[in-house]
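Hi everyone, thanks for coming. Let me put the structure up, and then I'll walk you through how its pieces sit together.

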There are 6 protein chains.
Amino acid sequence: MNRVVSIPRIAFRALVTAALNEDLGSGDITTAACIDRQSTGRAEVRAREPLVLCGTDLVREVFLQLDTGVVVTCDRLDGDLLEAGERALTVAGPAASILEGERVALNFVQRMSAIATRTRAFVSALPSNCRTRIADTRKTTPLLRALERYAVRCGGGHNHRENLTAAILIKDNHIAACGGVRSAIERARTFAPHTSRITCEVASMDELVTAIAAGADVVMLDNFEDAILPEAVALVAGRALVEVSGRISLERVPVIAAAGVDVISVGSITHSAGSVDLGLDWAS
Amino acid sequence: MNRVVSIPRIAFRALVTAALNEDLGSGDITTAACIDRQSTGRAEVRAREPLVLCGTDLVREVFLQLDTGVVVTCDRLDGDLLEAGERALTVAGPAASILEGERVALNFVQRMSAIATRTRAFVSALPSNCRTRIADTRKTTPLLRALERYAVRCGGGHNHRENLTAAILIKDNHIAACGGVRSAIERARTFAPHTSRITCEVASMDELVTAIAAGADVVMLDNFEDAILPEAVALVAGRALVEVSGRISLERVPVIAAAGVDVISVGSITHSAGSVDLGLDWAS
Amino acid sequence: MNRVVSIPRIAFRALVTAALNEDLGSGDITTAACIDRQSTGRAEVRAREPLVLCGTDLVREVFLQLDTGVVVTCDRLDGDLLEAGERALTVAGPAASILEGERVALNFVQRMSAIATRTRAFVSALPSNCRTRIADTRKTTPLLRALERYAVRCGGGHNHRENLTAAILIKDNHIAACGGVRSAIERARTFAPHTSRITCEVASMDELVTAIAAGADVVMLDNFEDAILPEAVALVAGRALVEVSGRISLERVPVIAAAGVDVISVGSITHSAGSVDLGLDWAS
Amino acid sequence: MNRVVSIPRIAFRALVTAALNEDLGSGDITTAACIDRQSTGRAEVRAREPLVLCGTDLVREVFLQLDTGVVVTCDRLDGDLLEAGERALTVAGPAASILEGERVALNFVQRMSAIATRTRAFVSALPSNCRTRIADTRKTTPLLRALERYAVRCGGGHNHRENLTAAILIKDNHIAACGGVRSAIERARTFAPHTSRITCEVASMDELVTAIAAGADVVMLDNFEDAILPEAVALVAGRALVEVSGRISLERVPVIAAAGVDVISVGSITHSAGSVDLGLDWAS
Amino acid sequence: MNRVVSIPRIAFRALVTAALNEDLGSGDITTAACIDRQSTGRAEVRAREPLVLCGTDLVREVFLQLDTGVVVTCDRLDGDLLEAGERALTVAGPAASILEGERVALNFVQRMSAIATRTRAFVSALPSNCRTRIADTRKTTPLLRALERYAVRCGGGHNHRENLTAAILIKDNHIAACGGVRSAIERARTFAPHTSRITCEVASMDELVTAIAAGADVVMLDNFEDAILPEAVALVAGRALVEVSGRISLERVPVIAAAGVDVISVGSITHSAGSVDLGLDWAS
Amino acid sequence: MNRVVSIPRIAFRALVTAALNEDLGSGDITTAACIDRQSTGRAEVRAREPLVLCGTDLVREVFLQLDTGVVVTCDRLDGDLLEAGERALTVAGPAASILEGERVALNFVQRMSAIATRTRAFVSALPSNCRTRIADTRKTTPLLRALERYAVRCGGGHNHRENLTAAILIKDNHIAACGGVRSAIERARTFAPHTSRITCEVASMDELVTAIAAGADVVMLDNFEDAILPEAVALVAGRALVEVSGRISLERVPVIAAAGVDVISVGSITHSAGSVDLGLDWAS
């Protein structure tokens, strides 16, 4: 069956068009000057460092929009682990079109693969056979959230709520405005679609007790000491999912997971993944 | 006078609308449930680590589009260096609107400030009184190029060509297709607007000699050993600008600059800047 | 506190622009011919039949986009019940602009109020003090889902999942493809964000038992006889929410609710609400 | 020859994209979890009640945009009358893509067919061999006017002016502002393209006389008693088209038509058509 | 009363945004480098040759979108005749913003005024007191039709049908396909909204007779010799409007008008108007 | 090799969609009424006067978007000189689709060919074997700049900077604000990307001397008498490119070129090119 939920092409087609127009302007004047339109070639995209591949559909779409004469052949799938030097895909067709699309295609795949790779690192830090999830946050690049959430899935992570409509997440300000955890959860329950869980952030063991009593579906432990997590998990006793969030480092992951929490949400897998090195080289 | 070329609001207004719609969906159900529409508040955006501020206009635009009743007051300007704890700006008005815009505003300003901060680090690594520029590349986030180029300027860097139409940059494939550096430069000269300079990438001292002889305006030294740079600069002798590119680390910057090159272009200031920590906290 | 979650203006601004351009074309030639641009007037939007008002923000936006000189004053709020003849709002300013926006404004408010009114009828059919919700479905008008879901909330109803990403709803085809209810729920659990509940449609008491055992958060009873509902609810015994769907008539609502189900989802509150009669008349 | 003027694909392509993005979000997580991408199937769209089919091009476009591997085969044409149980079209290809597009496709075709069906009911109420037209109004769903006008044509109805630019329609406010029917018509004549007819709404026999004398091309009788229509038609004596509008019920149609009027315009064929029952079922 | 039907701002707002983005890119680097953001100034737009002014709303919109601090004051109205040297409007505010918007504003107003001016020349060539109209055609610049039709009105001309939906115009191919004028007109009558007139192009006196007999509302005489026009007009005898089209020169206008035709449609008033000289100069 | 830099399809696809929607509205009612959908035909686009062909890709795109069954075959290439009567391209397929796209296709190709033709006239006025370029300006039609710049290239001309971001052009206001030519050039140098040349407009021989001394890459001589140009060129002595601009007539071109200037920029090749006569006729 499917390994990850892929993104429908309709969700990124306009994005690719905009990215191409951003980079091409009204045409690549260097390539037009130097490369004969009839000239063809074959180029390979290879990993230049170990990485989790992500974004092959974007590469395909970039070249499809530029020139239907370019053929993109994938050697590997999104989510695959590539060693340095391994080939991810091949791009063959008019040389000018390949040169014109190269940068945009790489800009997508380098960033998405970086997120998948960083997510995989966090997932790999989990103890084996543990059911704890690594999840993303809303700290994504504006306009690229769907792509970045997909990259997280390719890295073995899970997604948090998609946006502010998709689920309830009660934070300190909401609690303060409602006069307490119980009231906030009750109000949220009244408004939320019955298909959404109610997550409540708690800052202390007392708030945790109240949140559970008020029927929170998920409790998000905010800045709890790692040492106190087992006690918190024991207190919840399966009545809610337990999520831990806030400045999660790779080192903390096994500790937090060992405490039995259900979800560790990590902003840095999207906001600080940077770029991995994938290059396009012409095949001789 | 102006410190940097700012971006016209018209160039990012639609981007902010799209980012807000991406995050808000059809409404923030948690805030709607818990926060009274009449309730007001004041929140402060502060640096939580030392950073170069960038993106205040985006913060302003986010809240302007959400609710004209929110007032954004900037304490500091884009390009300013902030210490951890310093306040960048204040957001005051309806509490619900502030909560609804918080994440999008931070997503912009954290990324843009990270680019400005990383650029500043490279600029600071230049020897004092040297005229070498740190420049960006086309390795920017799709759809955010204008913002990221601006962030580079805020960090004290300079921009490279905006897109494939804006200037000529002859690379190895172009040279190969034209049968040599001279022919490529001549062809490019014929096509390029007279307002654009011709940059030619060279891979050896021989190609450098040819490129200068063919009248390149800028020569881009590709993977030259640092030790050979002074000789290359001497060979050019002011007849063209000298640009160095490729895997530039902070450590190499003073060495390269000391060789007398004009431009060091650094992909990582945009593609690997990640995010700096700026937080929005409610003022008591 | 807030009665309903309102829609952010950013979510319907472009929609109103498109609607105005659709109706105005390149200008209202009749009004331009006949009405002096300096002429002003005051018009009132009144209910011509009993209805639940919905869409006042759209009316405001229509006139704001057309002419900032038009002032819209709301006498009543979205969600209010109006008797025939009651005034909902007043529009004052340049007569030409009022005439130009009239039809678009009414097209929005008549449809949204119809949905709110129809929803209210279903909500009113619930026994008093019962906790059963009336919920909408994805059977909304293309491009108007956010507005129609809002109208449902104004009528006292609740929303179902916003779209196919927001939550899991396992239907017969999914069950068949997975080889059974248990396997489908397990697969869904693996993929779904932890913030989303898992709803599973069941077609028989046996499937219901399996779904509960497999840990469904919500069970949707598909075409169950009303008479069998109490037994189904008893069987679930609070381990999941119980939703009933499919050809729900006003008459069935109290029967279904009395069985103790949690949610009744009704496609017709959006797809067959039609239009209620609200008219714009000039005040003498 | 053609039975009705079809809509060019270019006029609804972007609409379908927007509708798909509205419903799919960043992907159908249930289908992705449960349905293997390689699995194929065949589903049939059948009428579940008697109806006039409309919107097959939209169904085709929905699946074309989602997945070019889905083949839509139409058994019947737009405008055809289907009995309950008759098959309208077949959709074959990847099962996941069919499930992902099902709701959007049905949302279009159920609404458009409802309008065609309701229009047909009004057309069928006309006496045989009469030349009276049933026409729509501008009371259409925002953004869907082109589709709804097409549905009216499929039901055997005719379209009124497309928008406020396409033709002149003088109403009471225009008359009042111009100081009378004659002046309003004259002003309108001066401004209108010579390709547009001038319609003037009249509220009394006196105004009708004036409008005819002033050269109106069409007179719209507003709230005239049915009994007085023959006299009005006789008075016009073929010098203008006679249109009747306002709260037209099916029962009044034969009476009004018998009076010899040319056009009966009916808002409810678009604004209150609701939805007809067409379902997609998997073929065994 | 109004002299011409103006275009609603909503119809050109997005156009101005696109035009500004086209010209500004990600910012005017020259102005940013040289002009202090605090510096203010006042500039005047003056005619540098005699012209009919058109496009002041576009100038206003350009600067409004760029900088709400720029104030545009119109000395003259659209449709006014200006002598060389006369001031059309004044633009005051931040000097940088004025420089940034100058070219886009002038590009609009120079083209629109050229169309108005050329139209006025044709209108002025009509004999005094004649009722013949000068009308435009669909030979307009792609995407600027609404603006160009407005410019025609400002020059004293009239508009033809707005687009292919707005009215019927039967040409030779349509006639051939239908097997003759009569059949084509009858088919067209069946399909056309009752608010639209039917225009039929005729190529001979025989076709003219047939078209009139078939009830054409407008007959368009295609390439009729000027000398034969009086006979054609006499033959029509007021039963239809008479339109003359095809390679209309200024010299032919009085001759054609004297024949008593109703409409002369002239492609060149839009497609060959070019640009008139209006300049922006800084006021000392 | 390539004769001119062509525009990527991605840069004009949305433009063609918008142009088609502008002209088609919700459908060509005349063609729908009169032309059978099954009917096919073949039409030819021929020059009706001598012209330089430009815009064949736009014609292809228009028909591709309308109906993939229409086949466009180009007999000649963009940039070719056609005599009156020569065939440019053939359009074959469904007759209705050809009629529906005819006007939009011609509107593009007639304008673009007019620009190419006018540009060729200026280029042809240059002395043989001279290296002087004819260049365009930013005086292009809003939203069509990329197409018009391409047409200039097809006519043998060159492009100036694409927009305000692409290069520096210092004008009188910039000089005044900076307190002189030297300061303006220095400031510009600091801000400009190193890939862009610095052009400085000069109004006198003195300013020219200063600009050269300050290191301008291009000097634009503003309103210099033709007689003084040789002296100016001699003074520059190859240290910068010399551009002449302002009210350039065909007659002045050989004189200016003979003075040895590098670039003559001509606004009228875009803003006053009008339209050339290319017609679509049905092949028997």
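Let's begin with a term: buried area is the accessible area, taken with a 1.4 Å probe, that two parts lose on being put together, summed over both. Before I use it, some ground rules: this is a predicted model, in which local features need pLDDT of at least 70 and side-chain atom pairs count only at pLDDT 80 or more, while totals for chains, interfaces and linings use all residues. Residues are numbered from 1 along each chain as its sequence is written, chains are lettered from A and ligands numbered from 1 in the order in which they are written, and side-chain values use heavy atoms, with hydrogens and water left out.

So, how much do chain B and chain C bury between them? About 1,100 Å², with 55% of it on carbon and sulfur atoms. On the chain B side, S26(B), A32(B) and Q65(B) supply 42% of the area buried against chain C, more than any other three residues. In terms of contact, meaning heavy atoms within 4.5 Å, chain B brings 17 residues and chain C brings twelve residues.

Now for symmetry. Two copies of a chain are related by a rotation about an axis and a shift along it. Here copies are superposed by least squares on the C-alpha atoms of residues with pLDDT of at least 70 in both.

Chain A and chain B tell another story: a rotation of 180° with 0.0 Å of shift superposes chain A on chain B, with RMSD 0.0 Å. That is the relation of a two-fold axis. In chain A, G274(A) has the C-alpha nearest the axis, 2.8 Å away. The same surface serves both copies, as 98% of the contact residues of chain A recur in chain B.

Which chains don't touch? Chain B and chain D are one such pair, their nearest C-alpha atoms being 10 Å apart. Chain C and chain F do not touch either, and their nearest C-alpha atoms are also 10 Å apart.
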